[in-house]
Amino acid sequence: MCKGRFNGFSTWLSKCSLGQIHVWCYSHILNLIIIEATKSPLQAASLFMLLNDVAIFFKESYKRMNIWKKTIGEKDLRKLVTIGNTSWWSKEKALHHIFVDQGHLFVEMILALDTMQTLDSFTPEVRVKAKILKGSFLEYQTILTAFIYVHIFEIVGPLSSKFEDCDVDVFIEKKFPEVRSRYKKKMFNEKSSDTPILNVEKKFEVQVYNVILDNTISSMEKKFTSNKMLYTDLSCLSPNNFGDISNEKLPSNALVELCKVLKYFDNFITTEKLRN
């Protein structure tokens, strides 16, 4: 069902059995959590869209793929990974391919984009697209957002030192660019004041880092604990816990949630009957 082979099965089952409870497998729940966590805030969504865009940009043209092969070597089979819409692993794989894995492709990708940007044999549209993609990947915000997801900050040093040996006009941002703060205009007789965060690093922490963590944690709590009490009651029926039932060692609130579900089938069921 998680793979969509039986569309509408859950709806049909709910109509036929009003008391049924549909519980997603943990693998599917985790998939949903990671997908949600990579869609917000805007900087996170932009990062993974960028990873997908650069992979498609190379793969949609033989001419561009030839530049890619010349950059990494004809015998090198490493490729950029496109991102699917329904599974989180492709996002993780795309991110690791460029920033983390041994033999990561960040440097080669920048070099290939820089080559296409400067070659007159490419159309102006392609050269502009290559320039935009290269600039986006070199932004400090892009790199830092990627490190939030992979938890690897040590990669900045190796990338910077490796670029020092390359004869290419690129510059990796090592700090946030200073941006002029904009103050919201007050309406007439408005007493509340707009106090924007002036420190760019603090602003990134509040608007990106904290939002990513909050979204991930809240999504996990919501999806993994929705049927917590029912799971707990079902665990009481494990043969390993039969001794606790016979010796009346179960907590007072045990089997209460399970009893509510079973009332759809037996209106006279009680927790005492279940314990006995």
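Trainee: Where does Pro 41 lie?

Mentor: Pro 41 sits in the loop between helix H2 (26-37) and H3; helices (H or I, at least four residues) and strands (E, at least two) are DSSP runs, numbered from the N terminus. The model is a predicted one, in which local features need pLDDT of at least 70 and side-chain atom pairs pLDDT 80 or more, while totals for chains, interfaces and linings use all residues. Residues are numbered from 1 along each chain as its sequence is written, and side-chain values use heavy atoms, with hydrogens and water left out.

Trainee: What kind of peptide bond joins Ser 40 and Pro 41?

Mentor: The bond between Ser 40 and Pro 41 is cis, with omega at about 5 degrees. Most peptide bonds are trans.

Trainee: And what is the phi of Leu 255?

Mentor: Leu 255 has a positive phi of about 70 degrees, although it is not a glycine. Its place is the loop between helix H12 (242-246) and helix H13 (256-262).

Trainee: Turning to packing, at what angle do H3 and H8 cross?

Mentor: The axes of H3 and H8 cross at roughly 95 degrees and come within 10 Å; axes are lines fitted to C-alpha atoms, for helices over the stretch in contact, and angles run from 0 to 180 degrees between N-to-C directions. H3 and H8 are therefore roughly perpendicular to each other (under 35 degrees is roughly parallel, over 145 roughly antiparallel, 65 to 115 roughly perpendicular, the rest oblique).

Trainee: Which residues make that contact between H3 and H8?

Mentor: H3 gives Gln 43, Ala 44, Leu 47, Phe 48 and Leu 50, and H8 gives Gln 141, Thr 142, Thr 145, Ala 146 and Tyr 149, contact being heavy atoms within 4.5 Å. By class, the contact of H3 with H8 has 6 nonpolar, 4 polar and no charged residues (Ala, Val, Leu, Ile, Met, Phe, Trp, Tyr, Cys and Pro count as nonpolar, Asp, Glu, Lys and Arg as charged, the others, Gly among them, as polar).

Trainee: How do H5 and H8 cross?

Mentor: Helix H5 (residues 89-99) and helix H8 (residues 140-150) have axes that come within 11 Å and cross at roughly 120 degrees. H5 and H8 are therefore oblique to each other. The contact joins Leu 95, His 96 and Phe 99 of H5 to Ile 143, Ala 146, Phe 147, Tyr 149 and Val 150 of H8. Its residues divide into 7 nonpolar, 1 polar and no charged.

Trainee: And what about H3 with H7?

Mentor: The axes of H3 and helix H7 (residues 124-137) come within 11 Å and cross at roughly 145 degrees. On the H3 side the contact includes Asp 53 and Phe 57, and on the H7 side Lys 129 and Phe 137. This contact of H3 with H7 has 8 nonpolar, 1 polar and 2 charged residues.

Trainee: Lastly, how many cavities of 30 Å³ or more does the structure hold?

Mentor: The structure holds 1. The largest cavity has a volume of about 40 Å³ (on a 1 Å grid over the protein atoms alone, a cavity is a set of points where a 1.4 Å probe fits but cannot get out, and lining residues have an atom within 4 Å of a point; points are joined across faces, edges and corners, and a volume is the space filled by probe spheres set on them).

Trainee: Which residues line the largest cavity?

Mentor: Ala 55, Phe 58, Lys 59, Met 65, Trp 68, Lys 79 and Leu 80 line the largest cavity. H3 supplies the largest share of that lining, 3 residues. The lining has 5 nonpolar, no polar and 2 charged residues.

Terms used:
1 Å grid on protein atoms, 1.4 Å probe; cavity = no way out; pocket = protein on both sides within 12 Å on 5 of 7 lines; lining within 4 Å.
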